[in-house]
Amino acid sequence: MDIFKVFLLLSLFSGISQAGMHCFSNPKEYAAKQTLLPPLLNNLPTYLVTDNFMVKAVTSLELKSDSIRFFFNATRGIEEPVEETVRVCASETKIEIHFPNGSQEIIEVRKPDEVFVRNLINMTKVENSRFDKLSSFVKNSRVETPSAKTSNPGKAYK
Amino acid sequence: MKSITLLCILFLSIDVSALGSIKKIKFIAKEEIPFSAIGKAQSYQGILKFLDSEDLFEYYKLAPSRSLKVSLDYCQAIKAHFFGPSELIKIEFKNGHTGPVCLFESFDANKTQSPAFKLAIVGFINAEPIGLIQSSYQSFSQEKKQEILKLWQTLR
């Protein structure tokens, strides 16, 4: 195969990949793209959890009045929860979370209800009640950091 | 390729550990707390803990600058690098032990489950631009900012 054909194939695949991505950063854009999004995102809010003996983690993507809100927390491997307004781009195989400072988190979609985060943990879609329960557990199980103690004395950490 | 990655990691860890303090500090590299890098700027290196004062900071090794002194333009660029094109944040300049430093605070009223206030301090240590960010559930008082400046002045 000559080099021209390789470039042609590469650009074709790249075109398909770009064409498959749908982005939104507010409820209006989300409504316009909703039916084109993968099952995990086509009915926000979405709640995902990991619950095993090594780590428990929770993440959510929610619609606010004029923005999309991302949340992540875990019992290990993190000093404080991540909570940011984000732009989301998604295809059948990946979800890109774009943060205001320009950084992005690329999450691999493995199954219609499962993602792979940071090449470390599988997270599965759950109902709000399950998310709330585990989220509360994660919050209370986190090892208390000195800054949390000094900067938030009124907050109860166990 | 793996050996290049390993070399990069070794270089990074040597470089990061070169930052010292006359106070007891502990550095936890982002590789040890992998989820902590979510949403953070590329220059994020890990967590710096001052063991005596119990203060904890996100540690950022910033891109080299032509000047070895912080300026308003430089601090505004770093503000965007840390927090994005956020609302107006007042930038304060203070005198550090290695030249001027800038401090700026961000606030996100929508945060309900994480600290809404973040205070960044940016300056040069060993001729390298670095930034520290501390998070809090309440606004940073002038006294607290002064304490943070004192901790900065212990860095070598």
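Helices (H or I, at least four residues) and strands (E, at least two) are DSSP runs, numbered from the N terminus. This is a predicted model, in which local features need pLDDT of at least 70, side-chain atom pairs count only at pLDDT 80 or more, and totals for chains, interfaces and linings use all residues. Residues are numbered from 1 along each chain as its sequence is written, chains are lettered from A and ligands numbered from 1 in the order in which they are written, and side-chain values use heavy atoms, with hydrogens and water left out.

**Backbone and loops of chain A**

Arg118(A) sits in the loop between strand E8 (114-117) and strand E9 (121-126) of chain A. Its phi is near 55°, a positive value in a residue other than glycine. Asn119(A) lies in the loop between E8 and E9 of chain A. The phi of Asn119(A) is near 55°, again positive in a residue other than glycine.

Accessibility is classed by relative accessible area: buried is under 20%, exposed over 50%, partly exposed in between (1.4 Å probe, protein chains only). Arg118(A) is partly exposed at 28%. Asn119(A) is exposed at 63%.

Another loop holds a cis peptide bond. It runs from Leu44(A) to Pro45(A), with omega near 10°. Pro45(A) is found between helix H2 (27-33) and strand E2 (46-51) of chain A.

Ser91(A) is in the loop between strand E5 (82-90) and strand E6 (94-98) of chain A. It is buried, at 9% relative accessibility. Contact means heavy atoms within 4.5 Å. Leaving aside residues up to four places away in sequence, Ser91(A) touches Gly20(A), Met21(A), Pro38(A) and Val109(A).

**Salt bridges**

A salt bridge puts a side-chain nitrogen of Lys or Arg within 4 Å of a carboxyl oxygen of Asp or Glu. The structure holds 15 of them over all chains.

| Arg69(A) | Asp108(B) | 3.1 Å |

Arg69(A) forms a salt bridge with Asp108(B). Arg69(A) lies in strand E4 (residues 68-74) of chain A and Asp108(B) in the loop between E5 and E6 of chain B, so the pair joins two chains. Arg69(A) is buried at 5% relative accessibility, and Asp108(B) is buried at 17%.

Glu105(A) is buried, at 5% relative accessibility.

In chain B, Glu92(B) is buried with a relative accessible area of 15%. Back in chain A, a network of salt bridges links Asp51(A), Lys56(A) and Arg130(A).

**Aromatic rings**

Rings of Phe, Tyr and Trp (its six-membered ring) pair if their centres lie within 6.5 Å; planes under 30 degrees apart count as stacked, over 60 as edge-to-face and the rest as tilted. There are 13 aromatic pairs over all chains. One of them joins Phe50(B) and Phe57(B) edge-to-face, at 5.8 Å centre to centre and 80° between the planes. Both residues are buried.

Phe107(B) and Phe117(B) have ring centres 4.6 Å apart and planes at 25°, so the pair is stacked. It links distant parts of the chain, ten residues apart: Phe107(B) is in strand E5 (residues 99-107) and Phe117(B) in strand E6 (residues 117-125) of chain B. Phe107(B) is partly exposed at 41%, while Phe117(B) is buried at 15%.

Ring pairs also link Tyr44(B), Tyr60(B), Phe82(B), Phe83(B) and Phe104(B) into a cluster.

A charge sits over a ring if NZ of Lys or CZ of Arg is within 6 Å of the ring centre and within 35 degrees of the ring normal. Lys40(B) lies over the face of Tyr44(B), 5.1 Å from the ring centre. In chain A, Arg110(A) lies over Phe116(A), at 3.7 Å.

**Helix H3 of chain B**

Helix H3 (residues 142-152) of chain B has as its buried residues Lys144(B), Lys145(B), Ile148(B), Leu149(B), Leu151(B) and Trp152(B). Seen down the axis, the buried residues of H3(B) fall within an arc of 160°, so they line one face of the helix. The arc is that of the directions from the helix axis to the C-beta atoms. On the other side of H3(B), Glu143(B) and Lys150(B) are exposed. The buried residues of H3(B) pack against strands of chain B, including E2 (44-50), E3 (55-61), E4 (91-96) and E7 (128-136).
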